[in-house]
Amino acid sequence: MTLFSAPFVLLSVMLPLASMVLSCRTEWQRGYRYCLPLLPLPALLLGVAVEPGWWLELPGLLIGGLWGADDLRRAFLVLTAMLWLIGGVFAIGYLKDHHLRRFCVFWSLTLAGNLGLIISLDIASFYSFFALMTFAGYGLVVHEGTDEANRAGRVYLGMAVVGEMAILSGLLMAAQLAGSGLLANLPAAIAGADRQWLIMLLLLAGFGVKAGLPLLHFWLPLAHPVAPTPASAVLSGAMIKAGLLGWLVTLPFGEVSLPGWGNALVILGAVGSLGGALLGVRQQRPKAVLAYSSISQMGLMTLMVGAALANADYAGPLFAVMALYVLHHGLAKGSLFLSTAMALPTSRGGQWLLWLLIALPGLSLAGLPFTSGAASKLAMKELLKPDSFGFAMAPYLPTLMSAGAVATMLLVWRFLWVQRAVAGVGSNPAFMWLGWGLATASSLILFWWLPWPEAVPEKAWLSAMVYEAWSLFWPMLLATVIAALAWRSVKQR
Amino acid sequence: MSRFLGITVLAAVCLVFAGALMITVWQIAGTQAPVDLPGLLADNLEASGVEHPITAVLLNFRSYDTLLEIGVLVIAGIAGISMANTASLEDPELRTSDSLLYALQRWFVPLMLVLAGYLLWAGSDRPGGAFQAGAVLAASGVMMRLGGIPMEFLRPGVLLRLGLALGFSVFLLVAVVSAMAGDAFLAYPDAFTKPLILIIETVLTFSIAMVLLALFVSAPVNGAEEPEEGESG
Amino acid sequence: MTLWLMAGLLFTPLAWAVLTLMVDFRKGRLVTWLGMAVQVLVSLGLWAAVASDGGFLYLLGGWQAPLGIELRVDGLAVTFVLLTALVAAACGWHASIYLDPGKPWHRYFWPLFWFLWAGLNAVWLGGDLFNLYVGLELISLAAVGLVALGGQADALRAAIRYLMAALLGSLAYLLGVALIYGQFGTLSLAGVTELMNSGDAQSGQTFPLVLMLLGLALKTALFPMHGWLPPAHGIAKSPVSALLSALVVKASFYIAARLWLDLGGELGGFALAQLIGVLGSLAIIWGSWLAFRQTKLKQVVAYSSVAQIGYLFLLFPLTWGVTEAISLQAQQGITLQVISHALAKAAMFLAAGNLIMSVGSNRVDALAGVSRFLPFSLFSFGLAGVSLMGLPPTGGFAAKWLLLQASLASGQWWWLAVLLAGGLLSAAYVFRVYRASFIESTDTDQFYHPSRSLEVIPMILALMSLGLGLVAEPVLSVMSLPFEGGGQ
Amino acid sequence: MTLSVLMPVFALMTSLLASVILFALPEKGYRLRTIINLAAAILKIALVGVMIWGVAHGREYEAAFTMVPGVEFVLRADALSMLFAGLSALLWLLTTIYAVGYLEDSPNRSRFFGFFSLCVASTMGIALAGNLFTFFLFYEMLTLSTYPLVVHRGTTKALRAGRNYIIYTLTGGAVLLFAIAWLHGLVGDLRFQEGGYFSDVDPSLNGPLTIIFVLMMVGLGVKAALVPFHGWLPQAMVAPAPVSALLHAVAVVKAGAFGIIRVVFEIYGLEAAEAMGLLAGLSVVAALTIIYGSTRALYQVDLKRRLAFSTVSQVSYIVLGLCLFGPLGVIGGLVHLVHQGIMKITLFFCAGNYAETLGVHRIDELDGAGKRMPGTSVAFTLGAFGMIGAPPLAGFITKWTMGAGALEVGMDWVVAVLVISSLLNAAYFLPILHRLWFAEQCEPWPHERRWGRLETSAWLLWPPLITATLMVLAGLLANVPFSPLSWAELIVLREVAL
Amino acid sequence: MTPSLLYAFAGVALCGIGLFGFLRLQHLLRKLMAFNLIGSGVFLVMVGLAQRNGQPDPVPQALVLTGIVVAIAATALAVVLIRRYYHLSGQTTLAEPAAKSARPKARSVNREGAPE
């Protein structure tokens, strides 16, 4: 608790905002880029070092502010802060002088929004930060200023605004029922609402835009590839998770079992997970493939959300698993996105090493044993046993998860394939090496030392992985076979 | 056609007006006036200082009317001379060298002056008075003017203006002096009623004659023009 | 004390008329300033005396009413006397600077001016029907003389037209007086009223009243008998126009209103009252419309007078056959309208004179760009216009408000539409002038700048008109006397 | 006692006297004029501040005298009036600063500032008016004193706009006068009073009262730019930017809205108005206006015109809020009075800056202006987001409170209106922002002026920055005492008597 | 029907005729004569009506005297004005000359803006 104090909490959110002062004067702008990695540092410390359960009251803020973190939020906070930090490091090396100041400002703004929404416990702050992140994110998306970027930005913004409005209406209705401005009171209120379906629909759709829910995902494969690479990384790794967090903190988990909604979400998740992969493998650009991969991964998480919604009893543990999964996916996806910008070293050995390091987070996504992916997948499997859930789609969950793993693996192969086609050979700035290295390292190694959610089932992970290796491995193998066949057929043609 | 119609309508309007007036007069004539003003007048005639009731009304009971009336005359005079040619009275067209007129004038002017004096004097107890006298006086002036007698004093100047204002000023002074004495405006002190009225009558006669004459003489042949506002050159 | 004041009030204008007749314009100006100071002080004193002690009857020559002439010195009369003093003094002051002393005929301005003033006072105070006639003639002739003063053909045409209308009106009035005298045997208005109310006399005739009202309406330029007014007011010198519009037309209306209030209840009728009201309304609409159409600045203001006079005639329907309270309200409204219009219109004409003087043209179009040079006069013009529009907080608004209330309370709601429409229409012509002045034109840099005092005078008047709405209640409390039958 | 009488009078007089002095000043007295302007504005803020403090602590400020028989002139400071008075006093100062910079080197400044102060005096009078009559007095005064400002430029376009403005507003004023007079005739002189007068009115009066209400709404709706009486507002945008900023964004339209608030709350009483079914109609009109204004704004290419239509839409939020017949809705409406003012004035300041510094009037000329004028553009961005209702800016507080209010009373469709309006707002504001920040400048600015190091004159730059900051603070610190929201809550607690 | 009433009726007739003339006639001097005719009618009515008791009533007679003076003053003023008007414009009626409507415009255009 040493680090926890009101100024520090405020600092962790406000530092990015405060940093915008640097944009005021031309002389300071050069230094601004070097500050980027520092901005999420307090938040990272807050996430790592402070035990969850703290809260901070800000009565004057908006309509009464309350900030704090619980187990779930801590995981999100850690992920977000880390990812932005890594992105920041990478950005130092990546950025050209083109509209540098503007990029830094929007970076800071988006970062502030992203961090703030995680530690907000009241509706107004949460929504404020959410909106801040959304709108500022536009600046990152269209940064390059190409026609493609502008088009992507337009779609992004249009859908985001509609989503915001859906969220606003949903929150408004829920808050009205709850008679409170705190997020914590919403689930109960929604659970007992007359027009539960409308509120849920609005919230699901609203956050779904951000989370890339199927049919609401159109902006995602457009926006993620056109953004500068560090921005893509945080977009796909951290910001996309904000939608998920929105669901988790507003929907009536644990209050009431809603099998109907559960079924629907599971189906949606399945569609997302498989459909994303299906579309993803046809992409020509590595970042587009990764974007679809994100959709696919979010589909898996949607699936879990559906399960949690369907059965109130499992909501708690599922949350923890989801948090873990988020952590894992965020780091891995961040690393993958960053690697798209890396130029290959000239030496053959170095190339192989690099390819390996690029591939590893991808394989981790697919659940390679002894990776973060494996840990998350195992935890997930542990919970999603068909017999313990009492809703229609429950029996198909393991199958779907395996299918998801296959799909993921396919996407990873596809990514490597197209990445190989476009990757250039040359030298990278030191900060890019550092950023990418950090990302890969945290995805592969640091993950294990990060504070996991408390409710994740305790396990001897190493032995469990050995034990479960096959079950983790066969989808990957299957996917590899399919990929190889596909490759051959393409080659023959 | 429309002209004829217009006349018809106009005539009809006038007839209606006259008819209505007629009816009203007829109806009023049939009633008895509730206030007996002549009786009241007769009762107060003693105090008025003059014997003739009309003069009493004019110069005592309703002397304010008369004061203002003279004011009206003076205004007319002023307005008249404001249009006069300032340089000269010589207006050749108005001069006649008719010998008959000249002869008449020699006979009549003195006679008329005497008549005027008489009228003025008679005013106190029988029909007559300042206005009548002034009118006769003015008529004699007109005659002299037509006859070509110069009458320099009629040239717009301080003399003419003094003459115009004399009667009015005296009247006004009497009025205000009486007010100064603590009475109402125009209330003559009892002792001086008659002489005061006489004085007023006399100067009024003079002034009335002046005004009428001045109006006759003012020939609108003023060359200088004042342009309308905003259209100046 | 009041006797002295009265004597001073009656004496001063007449005496100064004579005095100024003796001297030329420049000296007359000095003399006049003194006279105006005296007259304003006397009027103020009299007003204060009446305000504190109440009204009284002043017996001229010491003779009582049927025989002699009584002056009715009540709250309303002294208020108007004071108003006259203020407006006339302002106009006189303005004229003393505005008029060109080099023109020989201007020496006659001062006597005529003072006679006009005397005539106005005579009318405000007059309680005798015939005396009022003489007073009216005094005013009319002096006014005609002022219009014609040094004028050329157009001015003379206007003056003659004015004179003819005034004379015909006076005669109609006189005929009515003759008939009244024939019936009642007295000329005192109070006496006639008393006789009529006591019921001793046979019921009176409506025709004399109609005749008198007709004559007075002609002199007041009620629609459709307004034809003489705009040329006369438009062509006269600005201070003269101001006097004519502000005060002269009010004199005949004042008599008409007094007649109506004293005799109208008995002799008038609903139809007559409504007819007059309708004519007044038409005057408002038509006059405003014509004012809007004029191309010359002073014609705009003159036609505006036609319209504003229309408001006054709403007094007739709003006081006939209604309760005391409503009648009082209407009377107060009309009184305020008279006062505020007098102040505003005088301000407007004087300001218009300044504007014309600066741009050297009488046309509205010529005002383009003047707002840069003459904001003061323009502002006065605008303020006066605000009062004419009846917008708060001006006296015009207070008047309109009272009239609105009266028409609502009396159930004659149709006047509401007239009042509101009239306000909008007057806005139309005022803003037309204003608009012209805002046009930025590049080539009009030749402006003659009138002296400061010329600009100050209309401003003072306009501000008074503006402030009247704020102090309407104390003013009305002083002048509410006559209508309650006081004075005896 | 005397102080409590004098305070509202002083508050009114500061700008009135300033206007008189300014008229009298010669055109060349540049420095003196600025000093007088600023001094008066600061003095006014101080006075209003004192009054706000006093009102918060339950003190009464009232000055009254009888004007016309039966009618009083009342100046009174209550919580509601302080809301408006505070807003206008604060914005007067900023706009004066801005105007000093904006009108540098332009002709007729004496006239401009004179009328400008007069306008503010009228606004203050409207805020402090204690009864309908007094309100009307200042309402019309506002109309008149604004006209010279609208036609200030003297161009044909300006004159036409001025004419339309005056036709609209004077006609509205006449209708309002008619209604007020009628009401006065029915029930006498009514002071504004909490809870209104007609909660237990004789049913036979319902008919006239309904008509009067409609008439009043028409009369006030003209200034509040309710559809279909909004026509003057976009045209009036030809006026100089400070005028558009303060008057059309704040004073004039707010005067109408404020009047509606007064009439509904303190003459009719919210409950009575609801019971007579008056609010339902009004809310529909307001909703239509919101949607219509936003839709029209979408199609404007002129920046100020777009902002004007946005104003049309936004002002109706206030009206809509109080139609919601519940504390939250009313709070939302009231707080928007202030919020919209701050936000819109920011936007207009910025539009003025673009016009003055770059000569840019059309939206498609704005490409890349963010780089050239970052400060202004930041302010503009904040203002735009505030308008959209993006949190945590002021506009969000409004929308949130109002939405909650609507749900509270079961008028869910209002939320739909809010959402649609926000979407439309986003649709017409976000493209501008895109142009500002992300589009590359392709052709030179139409008419650029340089001011050394700063992007524009400091007089022009600071006001929008300050208002933008205020707007952020108004949203961010909405729950702090004396924030607009808290004050609106105080008003509802004290005066609306719900 | 007393003889004095006859005067009154004669006055009524004069008023009617005079009014017709006043409204109908264009020539200013004739108009003025018509005015005087009305005036005389009015005076007759005044004197005639009041005399119905048999004995003459001096008050209206005095009034008429005053009235006559006023009428004379007015007439004289009118004549002076009319003469001068004739002198300046050559017209004897109030009708605006036909060319008049076009003239002021042209002239004001010429002289517009010239300082006084």
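The following legends describe close-up views of a predicted model of several chains.

Residues are numbered from 1 along each chain as its sequence is written, while chains are lettered from A and ligands numbered from 1 in the order in which they are written. In this predicted model, local features need pLDDT of at least 70 and side-chain atom pairs count only at pLDDT 80 or more, whereas totals for chains, interfaces and linings use all residues.

**View 1. The contact between chains B and C.** Chains B and C share the most contacts of the five pairs of chains in contact; two residues are in contact if their C-beta atoms, placed from the backbone, lie within 7 Å. Chain C contributes 67 residues and chain B contributes 50 residues. On the side of chain C that touches chain B, at least two residues each come from α1 (2-22), β1 (56-60), α4 (109-125), α5 (129-148), α6 (153-184), α7 (189-198), α8 (206-220) and α14 (324-359) of chain C. Helices (H or I, at least four residues) and strands (E, at least two) are DSSP runs, numbered from the N terminus. By class, this side of chain C has 41 nonpolar, 21 polar and five charged residues. Ala, Val, Leu, Ile, Met, Phe, Trp, Tyr, Cys and Pro count as nonpolar, Asp, Glu, Lys and Arg as charged, and the others, Gly among them, as polar.

**View 2. The contact between chains E and C.** Here 34 residues of chain E are in contact with 31 residues of chain C. Two or more residues of the chain E side come from each of α1 (3-24), α2 (28-50) and α3 (58-89) of chain E. The most, 15 residues, are given by α3(E). The side of chain E that touches chain C comprises 24 nonpolar, six polar and four charged residues.

**View 3. The packing of α5(C) with α3(E).** The axes of α5(C) and α3(E) lie 11 Å apart, at an angle of about 10°; axes are lines fitted to C-alpha atoms, for helices over the stretch in contact, and angles run from 0 to 180 degrees between N-to-C directions. The two helices, α5(C) and α3(E), are therefore roughly parallel, a term for angles under 35 degrees. From α5(C), residues including C:Phe130, C:Leu141 and C:Ala148 meet residues of α3(E), among them E:Leu63, E:Val70 and E:Leu81. The contact of α5(C) with α3(E) has eleven nonpolar, one polar and one charged residues.

**View 4. The buried face of α7(C).** In α7(C), the buried residues are C:Leu189, C:Gly191, C:Val192, C:Leu195 and C:Met196. Viewed down the helix axis, the buried residues of α7(C) fall within an arc of 165°, so they line one face of the helix; the arc is that of the directions from the helix axis to the C-beta atoms. These buried residues pack against α5, α6 and α10 (238-267) of chain C. A residue is buried if 20 or more other C-beta atoms, placed from the backbone, lie within 10 Å of its own.

**View 5. The fold of chain D.** Chain D contains 19 helices and two strands. Its C-alpha trace spans about 70 × 50 × 45 Å along its principal axes. Buried residues account for 67% of the 498 residues in chain D.

Technical notes: Buried ≥ 20, exposed ≤ 12 C-beta atoms within 10 Å, placed from the backbone. Parallel < 35°, antiparallel > 145°, perpendicular 65-115°, else oblique.
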